[in-house]
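Visitor: Please walk me through a model. I would like to learn how to read its features.

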Amino acid sequence: MLWASWGPGREGINGRQPEPNPAGLTPAGALPARPWKGRVEMQRHKKATALRTCAVVLVLMTLMVVAAGASLAAERTVRVWFAGTPEPFMRAVNDVLKPAFETKHPGVRLQVDFIPWGELSPKLATAFAGGVAPDLFMHGQAATASFAAAGQVAPLDDWFASFSGAADFGATLNAGSYLGKRYMLPVFGSGQLLVYRADFFREAGLDPQAPPSTWDELMAAARKLARHEGARLIREGIDLPVRGISAQQVWSPFLWQNGGELLSSDGTAAAFNTPAGAEALRFYVSLATDAAIGTVDEAQPVGNLPPLAAGTVAMSFLPLEVINDIANYAPDVYPHIRVAAPLRRQTQAAWFSFAGMFVSRQSKEPELAREFLAFLAGEEPLEAIVSALGGLPPRQSLSRASFVTKNPAAVAFIQGMAHARFNPNHPQWVKTRDILVRYIEQAAFGRLAPDQALAQAEREVNRILR
């Protein structure tokens, strides 16, 4: 009975077992009946049930939080900084490479950032200073020495020794070398080769199948290809850069072709101020400033068209990426574009450079960082990156890929790589390059004679090297 559970005990108020009272009457001497007692009991029951339900929910929520925390704790993150922001490149990484790597490595997440080239070095300097550098990052090979000398990147020789595809990279694996150790996995390459218009060659009476191969032939062809209307120059025979890093990239092969070097073999002194260097700079300046050929100021693009595609220039030293732009923006001109083999004087030489991936010494996941290197070094991932960027593949086997074989310009660049030379991997190279560029410009604009320009550049460079 409901009331039997209410009060001091089951024996009733007088200590005796109460009599049955089916009629609900109140016996003499007993407490009066309480009709609301059942409702109170029901309310208490409901409250108890609600409390038990809340307790169960809280337990489940706690278990879910713990499980989520355990999942987050189990997930490992690899932070990667890629250089450059072209849309096709970012799509290749985000839509193809990132999900492919994460699928092969359950529980691993790639945190990818794309850094514009111009912002890359400052951002890396800040990250290293703050101890928050990414696990891997992309940079050009010329930065190898400064990162290695500062102890910021890990050598990869042991990993290369165990990597089955190393032989397919050939000499490109040495692009990121410093003091006998290799620090960079090359990902894509670029170069500067002589590019010319076959239709302009025919117009000038030159054979487009026999482009210039020596300095003298280059000078003669430039003079024939220049076009004037009265006193007005309407097409330059050749366009040469005399400012910025392109000036160093295009002039250095003339130095190498003439038997010169940029730095001494031990990297302690400038080596360009020699008779070979002076002759190379005199020739370069004469080619850039000869009024019968063109003007010292560099030709400017016409809208989206590089000068060669716009027809204001007949020859120019260009990277493959610019040729690919011509194919996209001037498809009617592209069939006339040709690429010459590297020039020769004492020897053949051409400027090339590779960008690649470095592993930070601050990496919290060094083993996973190397796992990502192994993934990225595969033929398919590299093909996705190189084809998106329009650059040169670092693996020899990729020279047979369709995106190369169907592109005659790419084939010519790959053939030119047989005579590739690279900028020195030296901690002070960037400062050295900037000094050299400044004096190439002064020589080109007649502020200093070529010999004087190299002599003054040598003094400044030696001060920072020693």
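This is a predicted model: local features need pLDDT of at least 70, side-chain atom pairs count only at pLDDT 80 or more; totals for chains, interfaces and linings use all residues.

Visitor: How many helices and strands does the chain have?

Guide: Helices (H or I, at least four residues) and strands (E, at least two) are DSSP runs, numbered from the N terminus. Here the chain has 18 helices and 12 strands.

Visitor: What share of the chain is buried?

Guide: Buried means under 20% relative accessible area, exposed over 50%, partly exposed in between (1.4 Å probe, protein chains only). Of the 466 residues, 47% are buried. Contact means heavy atoms within 4.5 Å. Among contacts with a separation of 6 or more, 74% join residues 24 or more positions apart.

Visitor: How does the span of helix 3 agree with its number of residues?

Guide: The expected span is 1.5 Å times one less than the number of residues. Helix 3 covers residues 117–129, 13 residues, so it should span 18 Å. Its end C-alpha atoms are 19 Å apart, which agrees.

Visitor: Which residues of helix 3 are buried, and what do they pack against?

Guide: Leu120, Leu124, Ala127 and Phe128 are the buried ones. They pack against strand 1 (76–83), strand 2 (108–115), strand 3 (136–140) and helix 4 (144–149). After helix 3 comes Gly131, with a positive phi near 70°.

Visitor: Which residue has a positive phi although it is not a glycine?

Guide: Most residues other than glycine have a negative phi. Leu179 has a positive phi of about 50°. Leu179 sits in the loop between strand 4 (177–178) and strand 5 (181–182). Its relative accessible area is 72%, so Leu179 is exposed.

Visitor: Is Gly84 buried or exposed?

Guide: Gly84 is buried, because its relative accessible area is 6%. Its place is the loop between strand 1 and helix 2 (87–104). Leaving aside neighbours within four places in sequence, Gly84 is in contact with Phe89, Phe114, Ile115, Pro116 and Trp117. Gly84 and Phe114 are 30 residues apart in sequence, yet 6.1 Å apart in space, C-alpha to C-alpha.

Visitor: How many cavities does the structure hold?

Guide: Rolling a probe the size of a water molecule over the atoms shows where empty space is left. On a 1 Å grid over the protein atoms alone, a cavity is a set of points where a 1.4 Å probe fits but cannot get out; lining residues have an atom within 4 Å of a point. Points are joined across faces, edges and corners, and a volume is the space filled by probe spheres set on them. The structure holds 2 cavities of 30 Å³ or more.

Visitor: What lines the largest cavity?

Guide: The largest cavity has about 70 Å³ of space. Of its 15 lining residues, Gln257, Phe317, Pro342, Leu343 and Ala349 are the closest to its centre. Helix 9 gives the most, with 4 residues. For classes, Ala, Val, Leu, Ile, Met, Phe, Trp, Tyr, Cys and Pro count as nonpolar, Asp, Glu, Lys and Arg as charged, and the others, Gly among them, as polar. This lining has 13 nonpolar, 2 polar and no charged residues.

Visitor: Which classes line the second largest cavity?

Guide: That lining has 5 nonpolar, 3 polar and 3 charged residues. The second largest cavity has a volume of about 40 Å³.

Technical notes: Residues are numbered from 1 along each chain as its sequence is written. Side-chain values use heavy atoms; hydrogens and water are left out. On a 1 Å grid over the protein atoms alone, a cavity is a set of points where a 1.4 Å probe fits but cannot get out, and a pocket is an open set with protein on both sides within 12 Å along at least five of seven lines; lining residues have an atom within 4 Å of a point.
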